[in-house]
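Please keep the sequence and the model at hand while reading.

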Amino acid sequence: MVVEAISEKSAKGDFWDGVRLSIPVVVAAAPFGLLFGAIAVDNGFSVLEATLMSALIFGGASQMVGIELFGQHVAPWLIVLSIFAVNFRHVLYSAGIGRRIAHWPVFQQALGYFVLTDPQFAVAERRAEAGETVSFAWYMGLGLPVYVLWVIESALGAVFGKLIPDTHALGIDFLLPIYFLGLVMGFRKRPLWLPVVIASAAASIVAYKTVGSPWHVSIGAVAGVLLAVILPPHHSGVEARP
Amino acid sequence: MSTTLWIIIAGALATYLTRIGGHLIISRFDTVHPRVEAGLNAVPAAVLTTLVAPAALGAGPAEWAALIVAAIVSLRGGLMTMFLAGAAVLILARQFVG
């Protein structure tokens with residue numbers, strides 16, 4: 001009983017720790033949720049469909065691309081393929097985060113993978129790296145506010161889309177790159193950080209100019225990961241096991 | 001069922017597949033090779049960099065100022081401090097350079 005009470009208390013604390021870390025994510029994502037709803041309705045989605053898309057896909061960039069193509073009357077299968085392409089980077093997140101949440105029950109893991117967005121992965125990796133356990137309560141404390149507000153903002157944007165003021169002057173179109181840069185900097189103590197960042201930056205810029213978006217993300221990411229794989233293990237800080 | 005609904009559901013399934021797929025592949029192996037582990041450790045910096053670099057290249061002085069200040073602040077401060085400092089510089093700089 002005593003043990004149960006203690007673990008319940010720590011789960012509650014873990015949850016609120018996660019919620020606290022979700023605040024910058026919520027702030028950075030909010031304009032995009034509103035914007036997505038507004039653009040979706042503009043491109044022929046109903047308010048319900050726009051909200052449903054946010055609730056089921058929960059991936060901002062891929063939703064924007066999907067809506068854009070829908071407005072251009074592109075074939076449905078091609079829209080789905082594009083959503084898949086934009087979200088393809090999550091395969092790498094999924095492979096990386098599995099080590100951190102393997103101790104959860106399967107159902108919790110299935111739910112955890114559903115909310116595995118860019119910030120969710122990065123913030124969870126930071127916690128694991130700091131030597132702390134990535135508990136289900138903490139992980140959901142981080143992910144749930146982002147998810148719930150994303151869905152609500154999409155609905156609000158769909159209903160009131162035309163009322164959004166000048167987003168450029170408020171700088172909200174560039175908030176996400178700033179936030180992502182902060183996450184990149186957070187991993188600077190990892191072995192090979194600088195070579196990986198340089199390789200990924202160069203490859204993604206070249207791919208962006210040649211192959212085009214969204215493939216620059218996957219191509220740039222693979223370049224950085226491959227570099228870490230190819231370099232001899234004593235550089236990457238991973239000991240060869242007997 | 002309407003085409004729109006079909007697109008949403010298929011898009012959601014495709015997305016979930018990417019979010020669970022990497023784990024399903026990796027978990028088939030009993031041991032993770034050190035080089036694979038080194039690759040997985042590089043994932044956050046590698047992917048997140050691709051979300052910043054092309055955007056930074058295509059931006060202007062206001063955005064660059066914001067990124068530079070944010071990067072410097074992140075050497076000392078936390079994620080929230082870095083984010084607020086970058087956003088403040090961005091809004092301020094855009095008043096002058098648009």
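## Contact between the chains

The contact takes 75 residues from chain A and 61 residues from chain B, where two residues are in contact if their C-beta atoms, placed from the backbone, lie within 7 Å. On the side of chain A that touches chain B, helix α9 (residues 175–186) of chain A gives the most, with 11 residues; helices (H or I, at least four residues) are DSSP runs, numbered from the N terminus. That side of chain A has 51 nonpolar, 17 polar and 7 charged residues, with Ala, Val, Leu, Ile, Met, Phe, Trp, Tyr, Cys and Pro counted as nonpolar, Asp, Glu, Lys and Arg as charged, and the others, Gly among them, as polar.

The model is a predicted one, in which local features need pLDDT of at least 70 and side-chain atom pairs count only at pLDDT 80 or more, while totals for chains, interfaces and linings use all residues. Residues are numbered from 1 along each chain as its sequence is written, and chains are lettered from A and ligands numbered from 1 in the order in which they are written.

## A helix pair across the chains

Helix α7 (residues 118–129) of chain A packs with helix α3 (residues 43–57) of chain B at an angle of about 145 degrees, their axes being 11 Å apart; axes are lines fitted to C-alpha atoms, for helices over the stretch in contact, and angles run from 0 to 180 degrees between N-to-C directions. Asp118(A), Phe121(A), Ala122(A) and Glu125(A) of α7(A) make this contact with Pro44(B), Leu48(B) and Leu51(B) of α3(B), a set that divides into 5 nonpolar, no polar and 2 charged residues.

## A helix pair within chain B

Helix α4 (residues 61–74) of chain B and helix α5 (residues 79–97) of chain B pack at about 155 degrees with their axes 8 Å apart, and α4(B) and α5(B) are therefore roughly antiparallel to each other (angles over 145 degrees count as such). The residues in contact include Ala66(B) and Val69(B) of α4(B), and Ala85(B) and Val89(B) of α5(B). By class, the contact of α4(B) with α5(B) has 14 nonpolar, 3 polar and 2 charged residues.

## Domains of chain A

Chain A is divided into domain 1 (2–188) and domain 2 (190–242), with bounds that come from an automatic or database domain assignment. The C-alpha centres of these two domains of chain A lie 24 Å apart. In chain A, 9 residues of domain 1 are in contact with 9 residues of domain 2, and the residues on the domain 1 side divide into 7 nonpolar, no polar and 2 charged.

Note on methods:
Helices (H or I, at least four residues) and strands (E, at least two) are DSSP runs, numbered from the N terminus. Angles under 35 degrees count as roughly parallel, over 145 as roughly antiparallel, 65 to 115 as roughly perpendicular and the rest as oblique.
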